[in-house]
Amino acid sequence: MPETPHIVSDVMTRTVVAVGRDASFKELVQTLGQWRVSAMPVLEGEGRVIGVVSEADLLPKEEYRDADPDRFEQLRRLPDLAKAGAVTAEELMSSPAVTVHPDATLAEAARIMAIRGVKRLPVVDAESKLQGIVSRGDLLKVFLRPDQDIEEEVRRTVVSYLFPGSNVHVQVREGVVTLGGQLRDTALIPVAARLVRAVEGVVDVECHFRGVGPDEAGRTA
């Protein structure tokens, strides 16, 4: 079977730029610009994450700086108008923060990002204390895994498991795994493809198997 998948702690950034709840609007803008990040966790106490403030949270102040929205606009964009008048991280942040635990798989983190529409997740322990941060780019690092490593794992954990003693060929190029050879039981092909896709770093799977006829099977037995 495929080996234990990578988890968030394998790829997360451990040095995180963060601010306290009382950080001023100007301080937030300066910090985002200085560290070239687009969002930061907001902390209280001994590093507990209570929210996230992003560039999107700061933009309403500029958008409504000289605007005079009508009543319909005010009702439709009430949260943005509130942020336009905010002056501290506590008033501006999105709370509660969307977070992930360090032992979550990369697939789990990717699902959270997709469902919640965020680009990064603070990584927290069981007490909500900040451990790091993981971004979309971090989750994609797994696809930089060398083809040779992927091929070796596919042979060891999939081919030897499903097709012991069979002459199954494995080739990996740019993360695309190609399986081929002769099989007596072609019903295992979809299973093989599914297991190979579960291997970290696999971009796609192509199967080019030939079924072995009864006469040929007798000769190769």
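Which residues of helix α7 (residues 106–116) are buried?

**Basis.** I worked from a predicted model, in which local features need pLDDT of at least 70, side-chain atom pairs count only at pLDDT 80 or more, and totals for chains, interfaces and linings use all residues. Residues are numbered from 1 along each chain as its sequence is written, and side-chain values use heavy atoms, with hydrogens and water left out.

**Overview.** I found eleven helices and eight strands in the chain; these are DSSP runs numbered from the N terminus (helices H or I, at least four residues; strands E, at least two). Buried residues (under 20% relative accessible area, against over 50% for exposed and in between for partly exposed; 1.4 Å probe, protein chains only) make up 38% of the 221 in the chain.

**Helix α7.** I listed Leu 106, Ala 109 and Met 113 as the buried residues of α7. They lie on the same side of α7 because they cover an arc of only 65 degrees around the axis, the arc being that of the directions from the helix axis to the C-beta atoms. On the face turned away from this buried side I noted the exposed residues Arg 111, Ala 114 and Ile 115. The buried residues pack against α1 (8–11), β4 (120–124), β5 (130–135) and α8 (136–140). Just after α7, Gly 117 has a positive phi of about 65 degrees.

**Leu 162.** I placed Leu 162 in helix α9 (residues 147–162) and recorded it as buried, with a relative accessible area of 15%. Leaving aside residues up to four places away in sequence, Leu 162 touches Leu 188, Val 191, Ala 192 and Leu 195 (contact: heavy atoms within 4.5 Å). Leu 162 and Leu 195 are 33 residues apart along the chain, with 9.8 Å between their C-alpha atoms.
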